[in-house]
Amino acid sequence: MNSIQKNRLKDQLFKVWGIVCTLIGLILLVIFIGDILVDGLQRIDWSFITSLPSRKAEKSGIYTALMGSIWILLLTTIIAFPVGVAAGVYLEEYGKNNRFSALLEINISNLAGVPSIIYGLLGLEVFVRIMNLGASVLAGSLTLSLLILPIIIVATRESIKAVPNSIRDASYALGASKWQTIWNQVLPASGGGILTGVILALSRAVGETAPLIVVGALAYVPFAPSNPLDEFSVLPIQIFNWISRPQAGFIENAAAAIIILLFITFIMNGIAVYFRNKWQKKWK
Amino acid sequence: MKKIVLIISLAIVAISCGEKKAEKSIDNNDTTFLEGTIKVDGSSTVFPITEAVAEEFRTVEPKVKVTIGVSGTGGGFKKFSRGETNISDASRPIKDKEIAACKENNINYIELEVAYDGLAVLVNPENDWVDNFTVEELNKIWEPAAQGVIMKWNQIRPEWPNEEIHLFGPGVASGTYDYFTEAIVGKSGSSRGDFTASEDDHVLVQGIAGDKYSLGFFGLAYYAENKDKLILIGVNNGEEVVKPTLETVSNGSYRPLSRPLFIYVNSTSVKSKEVVEFVNFYLDNAGELSKDVGYIPLPAENYAKQHENFKAFVESNK
Amino acid sequence: MRKIKELVIEKSLLTSALITIAITFGIISVLAIEAFRFFSEVSIFDFFTDTQWTPLFTDKHYGILPLLTGTLLTSFIAISVALPIGLSISIYLSEYAPKSFRRTIKPLLELLAAVPTVVYGFFALIVVTPFLQEIIPNLSGFNSLSAGIVMGIMIIPYVSSLSEDALHAVPGDLREASFGMGATRLQTAFKVVVPAASSGIIVSIILAISRAIGETMIVAIAAGQQPRLTLDPTVPIETITAFIVQVSLGDVQHGSIEYRTIFAAGITLFVFTFLLNTLSYRIRKKYQEKYE
């Protein structure tokens, strides 16, 4: 075989290798999810969703964890959404290209890379101890809001950047002020992109475990939170707790709870992708 | 987009209404229910009993919220001495340091015995060389001097394999740890530090069950729950090799690893009716439920005595 | 009047942006203050050179090396999995695959990164470890190999997506020139495109390493809770992140040396990831306009 043929062979081999690699990750994911479905699907029924945790695996349910996760989701949205979008708007519309803006930008990029458990330590010291909120839903939501803030800010900035300047110019030409332009033109135009970013950020928050463990979410909480200062548990922590229990019944419970968590995660990601496509089409 | 928001909000409202409805249907009975929150924390050994009691209690008083933490006996006492919990689970008696801490914060309490435990020594099912341990052997494995030195099975008995011992045990906040070190090493809290330590006994079960060369110890209940995954090893009490069972723990022949389990109740907390109810319920049902989870119940007269002591305590703290 | 309103709005938006500075300030101060208190009781020299980490036991040792090697060992295994696979994926998608395939596959790969890590932890412990125990008989129930492999799968998209973007950005002319000289796609890819996109690829690798180092749940569930100085992937170890979780699950009194150990561990973690992230940011900025 001469060298040309050898090279062609290598080329083809790499192509096969590339396809294999691409599919490996996805195939493994399918295997994992298949395994989870086999382990846990039959466990899911209405009583599983409405039962409180119990020492007996058959009677244990995810009610308190699910309620806790919904509480966390709502509170985190209320806190992080306005702050994140506001910060993104400022950086994109008002920030002058000076050293201060550059500093803010570097800073946000860094925050996005900080491990989530560090945010847990921050939340423990500031929200739980110094602000004396205890290991409450509020402390947990505040901690997670800090965690996802950089994601929302970046998404907001990207969406706003994509709005053509012609729209802003037209608005100014009609005599509108800066804020009127932003509120009436830029934000509605970038709304789809921002929403996508926010939903993806919240989807991340729903699956977070480590920061909430550090803040103090317990695993044995047999009631749903009734106010923001109540103690709580969330779905990922309930899963973590059940995984630690070696009896087969609890592994089944963990698998079932994972199915529900994945369902929520994938739905949220799906909605976000739907919005992203819809919003991107607008600009075509 | 608006439709989706609407649907999600409706779903959330529906679920929360569902919870209220469940509560309402209980209310439709004639009796009025107690309300309140009871905070329990402490020993992971005692946890299965307290958890069982709390669950049964919920069928009697569904509006009382009981939370149970597993910070370990030591961790539980720290919170208890700061007044952060109403009841502390403990797998060893309170220490002088902890008594002093309670005094500093004006916390008075009563100690109540609730069950017996036989501390179990366990190995992996594939371990076919250990049939029993003497106390001296356990001491040799676990004492502080063993840290980094005693690493292999054949250093204990030469006929055992030339393989690393993988040790698992409760961590330092655990009363089980305190008790084991006191009984085996001779000083509470004194042991080697290079082992897998966890206050979560389930982690220990999994660790031992998954590792051929493992050795560990924890409360008997966690063995009872996982009989198919672990092998219980008998301990030589000086005369014969004894395994922890209902009989051997009750009659004291499983030495030195038998011990009582406790709950400690805060004196201010007994001013609340729901706490008094809960503790009485606990003492009423501890015999049955401790057996249920794998521990050894006290003799009936002991429970009666605890009831009396508690009653007097409540009276004096009205 | 309008001018005042505009000013007020601008300042409120500014405040939101400043919160991000406050967060960074908060993280650094919290870590630094507690770590400072820690180091007033434990010598820095011991911290970095002692080979044992037994802060909670009678014979107290405060050497971070066991936790550090645990973290680096699992991360190394993860990168060994993610790097070759991720790079191959990116080269394949960029140089070989038809556009439609690339469009459908990319979001699917990003799904790998969206799965909550506690779910990956479940896989590592319940599926991967028993499977590997068939192949490696002495494999412990808790070990860094299973955790590392699963972590590697999770970070494949970090490597593949960013590398692919970098490769895609290389102008077509360079490829054309290479084809013109008779090179195959493989030769073009490795000799022309990859070197051209090298800065972007390096950035993706650094970010993937940073992500692996900071990972908590997979290792907390599957790698073990025994701090030990070893490179053996078949035995239980403990990472920095798993230690913080272990202590948080118990109760450690605020103000005690034990409480401060989690901050000492935390600040070590933070310094590592901060350096990696800053490095990747610098490289990205520096080499961004190379081909404009």
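These are my notebook entries on a predicted model.

**Confidence**

I began with the scores. The model has ipTM 0.87 and pTM 0.84. I then looked up chain C. Its mean pLDDT is 88, and 96% of its residues reach 70 or more. I went through the elements of chain C as well.

**Interface of chain B and chain A**

I turned to the contact between these two chains. Chain A puts in 23 residues and chain B 28 residues. I noted the buried area next. Chain B and chain A bury about 2400 Å² between them. Carbon and sulfur atoms hold 56% of that area.

I then checked for charged pairs. How many salt bridges does the rule find across the interface of chain B and chain A? It finds one. The partners are A:Lys59 and B:Glu55, whose side chains meet at 3.9 Å, N to O. I also looked for polar contacts. Two residue pairs across this interface are in polar contact, both at pLDDT 80 or more.

Next I asked which elements build the chain B side. Five entries went into my list: helix H1 (2-27), helix H2 (47-60), strand S2 (64-68), helix H7 (201-209) and helix H10 (273-293) of chain B each supply at least two residues to the side that touches chain A. H2(B) gives the most, with eight residues. I sorted that side of chain B by class. It has 13 nonpolar, 11 charged and four polar residues.

Most peptide bonds are trans, and most residues other than glycine have a negative phi.

I found a cis peptide bond from B:Arg255 to B:Pro256, with omega near -10 degrees. B:Pro256 sits in the loop between helix H9 (246-250) and strand S12 (258-266) of chain B.

I moved on to positive phi values. A:Asn132 is not a glycine, yet its phi is near 55 degrees. Where is A:Asn132 placed? I located A:Asn132 in the loop between helix H5 (116-130) and helix H6 (137-161) of chain A. Is A:Asn132 buried or exposed? A:Asn132 is exposed, because its relative accessible area is 64% and the cut-off is over 50%.

B:Asn106 also went into the notebook. Its phi is positive, about 60 degrees, although B:Asn106 is not a glycine. B:Asn106 lies in the loop between helix H4 (96-104) and strand S4 (109-118) of chain B. With a relative accessible area of 67%, B:Asn106 is exposed.

Note on methods. Residues numbered from 1 in each chain as written. Chains lettered and ligands numbered in written order. Heavy atoms only, no water. Contact = heavy atoms within 4.5 Å. Buried area = accessible area lost by both parts, 1.4 Å probe. Salt bridge = Lys/Arg side-chain N within 4 Å of Asp/Glu carboxyl O. Polar contact = N/O pair within 3.5 Å; in protein donor to acceptor, adjacent residues only side chain to side chain. Helix = DSSP H or I, 4+ residues; strand = E, 2+ residues; numbered from the N terminus. Nonpolar A, V, L, I, M, F, W, Y, C, P; charged D, E, K, R; others polar. pLDDT = per-residue confidence, 0-100. Buried < 20%, exposed > 50% of the residue type's maximum accessible area, 1.4 Å probe, protein only.
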